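Subject: A structure for you, with some notes

Hello,

Here is the structure I promised to pass on. Please open it alongside this message, and have a look around before you read my notes.

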Amino acid sequence: GKGKGKGAAASGAPAAEGDAEAESKEDAPGVQAAEGEDSESGSESEDDEFKPDPAFGAKWEPVFGDKIEVQVKDEGWEGSWYAAEVRKVRGARAHVRYADLMEEYDSRKHLESWVDSSDLRPQPHEAKPSDFERKLAVGAPVQFQLNDGWWEVRVVSVKKGRAGFTVGSHLYAERHETTVAKLRPDWEWHGNHWVEGSSRKRFDKKGEVLEGLALPRRVKKDDSDDEIKAEAEAA
């Protein structure tokens, strides 16, 4: 089976247009409509669970110059987030320049593409919650740094003394050995605030803790709980 990040490593980068103004339906990761068209995967179909809380202000919308992350949906890239900068916004779509993904045929040029604004979010604050490492346990949702992006995974095993962790996802056959340095909370963007996937604590864009907890997810991101439990028991 395809390992996490193997699609990225094999192709060099998600599909993207050769011309920033091109209106190809296949010019960018996850794009379902041509530039300037309304996409059905935009804010109208946004999951109710990720709607903003009016108590925390207006919903965030991308603007020129924003440092953001893009949810890549191409085959072999599912469950990944890549840093980028907004270069242009048109309706429900944005033109972005990736920070660490380069053009397949010109490694000196940053990849650029049009994406649905619903697949964008601000870059999470770098500081991790003070109890992040202490609460890492088998089955915990986290994000793992691999191939210049962050991938949604779960903890499969924890080494003695927390010297290392094994992570994996039901989307990919491989497991990865890593340290806490390459892990971060399973950040969810709820329109105007962050939710830490495991604790359900809420944070503002700057990383300050907000009052109250988010409701539990209705649908789990990763349905491999039984597989992870079996691996843990066999360890």
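First, the ground rules. This is a predicted model, in which local features need pLDDT of at least 70 and side-chain atom pairs count only at pLDDT 80 or more, while totals for chains, interfaces and linings use all residues. Residues are numbered from 1 along each chain as its sequence is written, and side-chain values use heavy atoms, with hydrogens and water left out.

**Salt bridges**

Side chains of opposite charge can pair when their charged atoms come close. A salt bridge here is a side-chain nitrogen of Lys or Arg within 4 Å of a carboxyl oxygen of Asp or Glu, and searching the whole structure gives 14 of them.

One of these joins the side chains of Arg121 and Glu69, with N to O at 3.0 Å. This pair links distant parts of the chain, with Arg121 in strand 5 (residues 120-122) and Glu69 in strand 1 (residues 67-72), 52 residues apart. Strands are DSSP runs of E with at least two residues, numbered from the N terminus. Both Arg121 and Glu69 are buried; for accessibility, buried means under 20% relative accessible area, exposed over 50%, and partly exposed in between, with a 1.4 Å probe and protein chains only. For Arg121 the relative accessibility is 2%. The side chain of Arg121 also reaches the backbone oxygen of Trp187 at 3.0 Å.

Another salt bridge pairs Lys73 with Asp119, where the closest N and O atoms are 2.9 Å apart. Lys73 sits in the loop between strand 1 and strand 2 (80-90), and Asp119 in the loop between strand 4 (106-116) and strand 5, so this pair ties together parts that are 46 residues apart in sequence. Lys73 is partly exposed at 39% relative accessibility, whereas Asp119 is buried, with a relative accessible area of 2%.

Lys201 and Asp131 form a salt bridge too, with 3.7 Å between the closest N and O atoms. Lys201 belongs to strand 13 (residues 201-203) and Asp131 to the loop between strand 5 and strand 6 (141-146), so parts that are 70 residues apart in sequence are tied together by this pair. Here Lys201 counts as partly exposed, at 30% relative accessibility, and Asp131 is buried, with a relative accessible area of 13%.

There is also a network of salt bridges that links Lys67, Glu85 and Arg87.

**The nonpolar core**

A nonpolar core is a set of buried Ala, Val, Leu, Ile, Met, Phe, Trp, Tyr and Cys residues joined through side-chain atoms within 4.5 Å. The largest one has 32 residues, and those touching the most other members are Ile68, Val70, Val96, Tyr98, Leu120, Val142 and Leu183. Elements giving two or more residues to this core include strand 1, strand 2, strand 6, strand 7 (149-158) and strand 8 (165-168). Strand 3 gives the most, with 4 residues.

**The second largest pocket**

A pocket is an open set of points on a 1 Å grid over the protein atoms alone where a 1.4 Å probe fits, with protein on both sides within 12 Å along at least five of seven lines; lining residues have an atom within 4 Å of a point. The second largest pocket holds about 340 Å³ of space, the volume being the space filled by probe spheres set on the points, which are joined across faces, edges and corners. Its lining has 18 residues, and the closest to the centre are Glu69, Pro124, Glu126, Trp150 and Arg184. Strand 2 supplies the largest share of this lining, 3 residues.

**A few single residues**

Most residues other than glycine have a negative phi. Arg162 has a positive phi of about 55°; this residue is in the loop between strand 7 and strand 8 and is partly exposed at 29% relative accessibility. Arg200 also has a positive phi, near 70°, and lies in the loop between strand 12 (194-196) and strand 13. Arg200 is buried, with a relative accessible area of 9%.

Lastly, the C-alpha atoms of Ala137 and Val158 are separated by 6.8 Å, though these residues are 21 apart along the chain.

Best wishes

Definitions and conventions: A polar contact is a pair of N or O atoms within 3.5 Å; within protein, one must be able to donate a hydrogen and the other to accept it, and residues adjacent in sequence count only if both atoms are side-chain atoms.
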